[in-house]
Structures are given as structure tokens and as C-alpha cells.
Amino acid sequence: SLKKHGIVVWHVPLMLYRLTEAFRSKDKGRILHYAADIGHYIADAHVPLHCTHNYNGQLTNQTGIHGFWESRVPELFGDNYDFFVGKAEYIEHPAEYMWNVVLKSSSEVDSVLLFERELTEQFGSDRKYAFEQRGDATIRTYSKDFSAAYQEKLNDMQERKMRAAIVAVGSFWYTAWVNAGKPDLGELKDGPVSEEEQLELEAMDKAWRDGKIYGREHSD
């Protein structure tokens, strides 16, 4: 049941632990792998439609809204977004931080769905959609006017959420580095993970899940 409804608030602290261990061992391959992995989950949690059963509007006759919110609007207007968000900050309570992210995203679902429905009634299907050439194919997509009106009605939500995601990802990376003892990143080691290292990592993961490693905050 838990996996069915989502485990991101528990998975991110686990990835934080793995990234911390990768920093501690100065293993460049694992640092890059876990930094990318944790970044994916953290950023995804900032998308409102990732925090609802109605993730693509399929329950409210708004199928396609996921790609519209997440891809089409940033594709059209992302060049004007401001991604300079300041410095990363140390995260004292990772699990609590992620719960706040998810709850914030969940609270925004109603606006994401409501405003699209209101604009659909206002524009009508003839102005809501447009046809564009993509390579050799002609596709139907949300029109630029409809997309611009949606972005304005949401008060630039996509930009705000992307900015928040950048801060969160950077802060988790920074937290892992600090927790690892602030290792010198100029001394990173190359090379794939050996079978012995993989078994050791899996054993540490099991100990972490069993609550045998100090600092396992998600057990609260």
C-alpha cells in the first residue's frame, strides 16, 4: 500500500545517506550516481501533479495536463525564468523537509486543475490547441496563447517551483557533503563499484533501514 501511494519522503533520506557515504569514500562514480538520483526524486516532489491520484487529469476529464504543466509551459517560457536562487543551506531534518515539500505541492493541485478548466471554458477547443511541426510530424499541442494565459493565472508557478527545486537539490547535495566531513573534492577516485563494495553498500542500507545507524531521522 505504501509503495502504491509513493515513498519519496522516505526514499530521499536513504539516498542522502548513500550520497553521504559516497562523499566520505571520495568515490566520484557513486557521488555522481546518487547526486543525480536524489536530485530526480527531490525535483519530482515539487510538481503538484506528482502528489495526487489525478496525476494527469484523467479523473476530471483533463487528460494531458501533466505534460502541459511540466513540459509545454516551460518549453515556451523557460528561457525567461530566473534560476539564480542563492546559496544552498544545510538541512537539519531531511525527512521533515521532504514532507513540507510534498505537502506544499499537494496543496497546489486544486489551482493547477481549476485554472486549466476555467481557461478551457474561456478559450474553447479551437483556441486551446494548435498544430506544430516537430521533425517530420505535425502534432496537436496546447496553443501559445492558452499556455501564456495559464502561466499568468498560476502566477508563474512553474518558475517558482523550479527555483524551489534547485534550492532543495543543492541543499541536499551540500548536506551530504557536510555530513561526510567536507571531503576535498579534488581527491575523488575513479572506477566502477566492485562486487565487494556493492555488497558492503547493501549491508549498510539494510542497517540503515533497521535503524541501526545513528541519524536515521525518517523513523520518527
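How many helices and strands does the protein have? I counted 10 helices and 2 strands. Helices here are DSSP runs of H or I with at least four residues, strands are runs of E with at least two, and both are numbered from the N terminus.

**Ground rules.** I am working on a predicted model, where local features need pLDDT of at least 70 and side-chain atom pairs count only at pLDDT 80 or more, while totals for chains, interfaces and linings use all residues. Residues are numbered from 1 along each chain as its sequence is written, and side-chain values use heavy atoms, with hydrogens and water left out.

**Overall layout.** Along the sequence I read the pattern α-α-α-α-α-α-α-β-β-α-α-α. I then looked up burial. Buried means under 20% relative accessible area, exposed means over 50%, and partly exposed lies in between (1.4 Å probe, protein chains only). Of the 220 residues in the protein, 40% are buried. Next came contacts, meaning heavy atoms within 4.5 Å. Among those between residues at least 6 apart in sequence, 73% join residues at least 24 apart.

**Helix α2.** I checked the length of α2. Is α2 enclosed or open? I found 14 of its 18 residues buried, so α2 is largely enclosed by the rest of the structure. Just after α2, K26 takes a positive phi of about 55°.

**Largest pocket.** A pocket is found on a 1 Å grid over the protein atoms alone, as an open set of points with protein on both sides within 12 Å along at least five of seven lines; a 1.4 Å probe fits at the points, and lining residues have an atom within 4 Å of a point. Points are joined across faces, edges and corners, and the volume is the space filled by probe spheres set on them. The largest pocket comes to about 660 Å³. It is lined by 22 residues, of which H5, G6, H50, C51 and T52 are the closest to its centre. The elements giving two or more residues to this lining are α1 (2-5), α2 (8-25), α3 (28-45) and α5 (94-107). I sorted the lining into 12 nonpolar, 8 polar and 2 charged residues. Nonpolar covers Ala, Val, Leu, Ile, Met, Phe, Trp, Tyr, Cys and Pro; charged covers Asp, Glu, Lys and Arg; the others, Gly among them, are polar.

R72 is in helix α4 (residues 65-77). Its relative accessibility is 5%, so R72 counts as buried. Which side chains does R72 meet in polar contacts? A polar contact is a pair of N or O atoms within 3.5 Å; within protein, one must be able to donate a hydrogen and the other to accept it, and residues adjacent in sequence count only if both atoms are side-chain atoms. I found E75 at 2.9 Å and T141 at 3.5 Å. Leaving out residues up to four places away in sequence, R72 touches several others, including S143. S143 is in the loop between β2 (137-142) and α8. It is buried at 7%. The S143 side chain reaches the backbone nitrogen of F146 at 3.1 Å.

**Positive phi.** N155 has a phi of about 55° although it is not a glycine. N155 lies between α8 (144-153) and α9 (157-179), in the loop, and is exposed at 53%. K182 also has a positive phi of about 55° and is not a glycine. I placed K182 in the loop between α9 and α10 (195-209), partly exposed at 48%.
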